[in-house]
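This report covers a salt bridge and a helix pair. Please keep the model open while reading.

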Amino acid sequence: MVFQYSASKGGEDGRGRFEEFAELASNFTSSPLFALLCFLLVGMFVVVNAVGLSTEWRLVTGDAMSAVTLLLLAMLKNSERRAEHAIQRKLDAIARAMLEQQEGRRGQAHEDLKAAIGMEERL
């Protein structure tokens, strides 16, 4: 099954709510604060297992790490998909502009090429 990218009109720039949330999450997960939180979570997991606390605590820390991992995976995949889509649109615009240039005409491809600049930040 092939899924096509389509931006729902959620924000002012045509991105949907999930895309906006994914962008915010991507910015947060690349911050030093998030790295510190991850180190604390892993440290808590190690301490709980080293001290030999109850199984309940081990499950809580393990479940928290699993939840963070799943969320990061979803955000990473969304970011990757948006970047690939932007790259493909840029390549298409370059190819159309080169074709128009070879044919000695200037048309819509030139405008598409201008619009493709900075596209990854808008998607």
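Lys77 counts as exposed, at 51% relative accessibility. Exposed means over 50% relative accessible area, buried under 20%, and partly exposed in between (1.4 Å probe, protein chains only). Glu80 is partly exposed.

This is a predicted model: local features need pLDDT of at least 70, side-chain atom pairs count only at pLDDT 80 or more, and totals for chains, interfaces and linings use all residues. Residues are numbered from 1 along each chain as its sequence is written, and side-chain values use heavy atoms, without hydrogens and water.

| Residue | Relative accessible area | Class |
|---|---|---|
| Lys77 | 51% | exposed |
| Glu80 | 34% | partly exposed |

The side chains of Lys77 and Glu80 form a salt bridge, 2.9 Å from N to O. The term requires a side-chain nitrogen of Lys or Arg within 4 Å of a carboxyl oxygen of Asp or Glu. Searching the whole structure finds 1 salt bridge. Both residues, Lys77 and Glu80, lie in helix H3, 3 residues apart, about one turn of the helix. Helices are DSSP runs (H or I, at least four residues), numbered from the N terminus.

Now the helix pair. H3 (residues 55-102) packs against H4 (residues 108-116) at about 150°, with axes 8 Å apart. H3 is therefore roughly antiparallel to H4, a term for angles over 145 degrees. Contacts (heavy atoms within 4.5 Å) involve H3 residues including Lys90, Ile94 and Glu100, and H4 residues including Gln108, Asp112 and Leu113. The contact residues divide into 6 nonpolar, 2 polar and 4 charged.

Definitions and conventions
Axes are lines fitted to C-alpha atoms, for helices over the stretch in contact, and angles run from 0 to 180 degrees between N-to-C directions. Helices (H or I, at least four residues) and strands (E, at least two) are DSSP runs, numbered from the N terminus. Angles under 35 degrees count as roughly parallel, over 145 as roughly antiparallel, 65 to 115 as roughly perpendicular and the rest as oblique. Ala, Val, Leu, Ile, Met, Phe, Trp, Tyr, Cys and Pro count as nonpolar, Asp, Glu, Lys and Arg as charged, and the others, Gly among them, as polar.
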